[in-house]
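Biologist: I would like to go through this protein with you, a few residues at a time. Could you keep the answers plain?

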Amino acid sequence: MTSTTRLTVAQALVRFLSVQYTERDGVRRRLIGATWGIFGHGNVAGLGQALIEYATAPDGETLPAMPFHQGRNEQSMVHAAVGYARQSNRLSAHAVTTSIGPGATNLVTGAALATINHLPVLLLPGDTFAGRPADPVLQQLEVPYAGDVSVNDCLRPVSRYFDRITRPEALIPAALNAMRVLSDPVETGAVTLALPQDVQAEAHDWPDEFFAERTWYVRRPAADPAELAAAARAVRAAQRPLIIAGGGVHHSRAEAALAEFASATGIPVASTQAGKGSLNHDHPQDVGGIGHTGTATADELARLADLVIGIGTRYTDFTTASHTLFERPGVRFLNLNIGAHDGHKLAGQPLIADARDGLTALARELGPDAYRVTESYIAEYREDKERWEQRVDACYEADEPDVRPTQPQVLGALDEIVDESDILINAAGSLPGDLHKLWRTRSFDQYHLEYGYSCMGYEIPAAIGVKLAAPDRPVWALVGDGTYLMMPTEIVTAVQEGIAIKVLLIQNHGYASIGGLSESVGGERFGTAYRHQADDGTYTGAPLPVDLAANAASLGMRVLRAKTVSDLREALAVARAADTPTCVYVETETADTVSGAPPAQAWWDVPVAATATRSSAVKARELYERHVSTRRRHL
C-alpha cells in the first residue's frame, strides 16, 4: 500500500516546492528558492498558513525550509522574482502568492515581463471558491456566459503554463507540469497555478512519493548535423560577417565559447540590450550595442554585412531598426537559437541548439584555422570602434566639476568607481539608450537591462531580487524620476530585510525619453514634462515642487544628495561602500533638453500622423515616409 501524508492543498504545494531542484553541467540548485507574498482573504488561511508551517523544517524532518519575503506591491514582487531568476541564470526561481481580485490582477504586468524575457517565475494567486457556497463572493467577476471564469483568466495569455486547481488531486499533475515549464530553457516564463481559497485549505491524503526530491535537468540540445554543415558553409562563404549576441548567450553561459569563436575567426560581435556583456567592452571583437540604441560602429557593420549570425536573439525592432538596418543586397542570416521560433526569423538558416554547445560544434565543424575574416576587415572595425570610444570619453568627461551633470556624465562618474563585481539594473526611459551606447561592461552579468518589456518601475524591486541572488556584490538600480514614481515602495522591503541595494535616482522633471520621441514624431512633447499646467492646458509651467529624495528617505532609505559632478563622485563612492540601502539623488537636465548622448544611429518605426495641420507633424511625416521606404522584408 502506498504511504500517504494528510495535508492541506496549500501545505502539500509548499512541501512539494521545497524539494524541487534543477541541474545543469553537474551543478544542482533549488528550483524554488523562496516565496514572496501579500496576504488577503484569498490566500491567508491557505498558503499563508502553509508558509508558516514550512518557514522552518518541521520537527523531526529534514525537509528544506521555504524562505519568505514580504512584498508591498504584487507587480513589484514579480519583478523581484524575475531579477532573482535572471541573476540565477534561470536555474532557480521564486514563487509569488497573492489574494484573489486586485492582488491577482496586479500580477499581469509582471507576468508579461517574465514571459517576454523567458525568465521563470511561479505565480500562485488565490481564486474564488471552487465549491461556490455563495455566488458571487467578494471580488468575484461575474461573467454571464461562463460560470468558471475569474479575474485570474487575465493571466492566461501572459503565462507559459496555466492551471486552476479545483480539486486537491489535480494539484499533482499541475505542479509537475509547472516545474517542467519553469525548468525548460525554451518554454520558461511565467507559470500560474490559480488556487481557489476553499481548495487551498482542504485536506487530502497525498502519496509520499509526491514529496520526494526531484531533479529537473536543464537540457543543452545539440545541433542537427545537416544544419551544422549548412551553417559552416554559410560562414565560409561570408566576407563581412557580423555576430549579434542576444540574451541567449547569457542564459546558456556561452560567453567564453563566444569569445573563443570570435577571437579565432575575427568576426566582430555586436550585442542586443539583453546580450550586452557577452564580450567585455575591451575584447578586440566587441563593437558594442546594435540597432536603434546601438553604436555607430555596430550599425555600420550591420548595414554592410553579408552574413548576420544571430546567437540567442529574438531580432526585436530595436535590434533590426524596424527592418531597415541590414541594407546589403543578398544579406543572409544564420540563427543559432535554442528555440525554433526564433531560429527561423528573417528567413534565416536555422541552427537549433544550445548557444554554448552550438558555438563549440560550429567551431569544430569549421575546423582549426579553416576560416578567418580578412585583416583589412578587422582593421576597419577596430578603427571605427576606437573613434566611437573617443565619443564615449567626450560624453563622460566633465570639464567643470562644480556644475550640474548631464546624464552621460552621471554614467561617467559611475564608470569611474565600479569594477567587474558591480551589477547595473535598468529598464525604461532615456537611460537604456545611453547605457547601450556608452556603458563599458566589465563582466558578463554586469549589465542587467530589462528591455523585452521595458517596464517602468522594474529597477528597484529587481535590484532586490538580484541582491538576494548575489549578496556579496554591489547592485545598482538606475532610475529616472518617471520610473521611480511608478514603483518605489519596495524600498521598504529592502530596509525591512537589510538588503543593501544602491539606487541612483536621476531627476530630469519628466519623461525625457518619450518627450524626445514625441518631438521627433510631431507630438511636440505634449504631456511628457513634470510641470504645472499653463493657461493653454499644456504642461509647460514651472517644474513640480516634488522632492523625490525626501520621499526615498521617508521610506527608510539613506539618501545622499549630489548637486554637482564633484558631489556625485563622492556620493557614489559612499553608496558603493554602504552596507545598508542607500540612494544617490542627482538632478540633471530637464525633460525638454537633450541628455548629451550621441543621437540614434539607426531608425525606429513609431508611426506619425498621416494628416495634420501643425507644421511639426507635417515635417515629421515627410521624414517618416523616407525611412519607411527603406524597410526590407528578408526572404
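**Salt bridges, rings and buried residues**

Biologist: To begin, is Asp415 buried or exposed?
Modeller: Asp415 counts as buried, at 12% relative accessibility. Buried means under 20% relative accessible area, exposed means over 50%, and partly exposed lies in between, using a 1.4 Å probe and protein chains only.

Biologist: What sort of model is this?
Modeller: It is a predicted model, in which local features need pLDDT of at least 70 and side-chain atom pairs count only at pLDDT 80 or more, while totals for chains, interfaces and linings use all residues. Residues are numbered from 1 along each chain as its sequence is written, and side-chain values use heavy atoms, with hydrogens and water left out.

Biologist: Where does Asp415 lie, then?
Modeller: Asp415 belongs to helix H16. Helices (H or I, at least four residues) and strands (E, at least two) are DSSP runs, numbered from the N terminus.

Biologist: And which residues does Asp415 touch?
Modeller: Leaving aside residues up to four places away in sequence, Asp415 touches Tyr396, Trp439, Arg440 and Arg442. Contact here means heavy atoms within 4.5 Å.

Biologist: What do the side chains of Arg442 and Asp415 form?
Modeller: They meet in a salt bridge, at 2.9 Å from N to O. Arg442 lies in the loop between H17 and E19, and Asp415 in helix H16 (residues 407-417), so this pair ties together parts that are 27 residues apart in sequence. A salt bridge is a side-chain nitrogen of Lys or Arg within 4 Å of a carboxyl oxygen of Asp or Glu. Arg442 itself is partly exposed, with a relative accessible area of 21%.

Biologist: How many salt bridges does the whole structure have?
Modeller: The search finds 32. One of them joins the side chains of Arg440 and Asp393, at 2.8 Å from N to O. Arg440 is in the loop between helix H17 (431-438) and E19, and Asp393 is in helix H15, so the pair ties together parts that are 47 residues apart in sequence. Arg440 is buried at 12% relative accessibility, and Asp393 is partly exposed at 41%.

Biologist: What about Glu524: which residue does it form a salt bridge with?
Modeller: Its partner is Arg614, and the closest N and O atoms are 2.5 Å apart. Glu524 sits in the loop between helix H21 (512-520) and helix H22 (548-554), and Arg614 in the loop between strand E23 (582-587) and helix H24 (615-628), so parts that are 90 residues apart in sequence are tied together. Glu524 counts as partly exposed at 37% relative accessibility, whereas Arg614 counts as exposed at 52%. There is also one network, in which salt bridges that share partners join Asp25, Arg220, Asp354, Arg356 and Asp357.

Biologist: Changing topic to rings, how do you decide that two of them pair?
Modeller: Rings of Phe, Tyr and Trp (its six-membered ring) pair if their centres lie within 6.5 Å; planes under 30 degrees apart count as stacked, over 60 as edge-to-face and the rest as tilted.

Biologist: How many aromatic pairs does that give?
Modeller: The count comes to eleven aromatic pairs. Among them, Phe318 and Tyr451 are edge-to-face, 5.2 Å centre to centre with 85° between the planes. Phe318 is in helix H12 (residues 317-320) and Tyr451 in the loop between strand E19 (447-449) and helix H18 (459-469), so the pair links parts that are 133 residues apart in sequence. Phe318 is buried at 14% relative accessibility, while Tyr451 is partly exposed at 22%.

Biologist: How are the rings of Tyr377 and Tyr381 placed?
Modeller: Their centres are 5.6 Å apart and their planes are at 85°, so this pair is edge-to-face. Both tyrosines, Tyr377 and Tyr381, lie in helix H15 (residues 375-396), four residues apart, about one turn of the helix. Tyr377 and Tyr381 are both buried.

Biologist: Which residues do ring pairs link into a cluster?
Modeller: The cluster consists of Phe16, Trp206, Phe210 and Phe211. Arg15 lies over the face of Phe211, 5.0 Å from the ring centre. A charge sits over a ring if NZ of Lys or CZ of Arg is within 6 Å of the ring centre and within 35 degrees of the ring normal.

Biologist: Which ring does the charged end of Arg561 sit over?
Modeller: That of Tyr585, at 5.8 Å from its centre.
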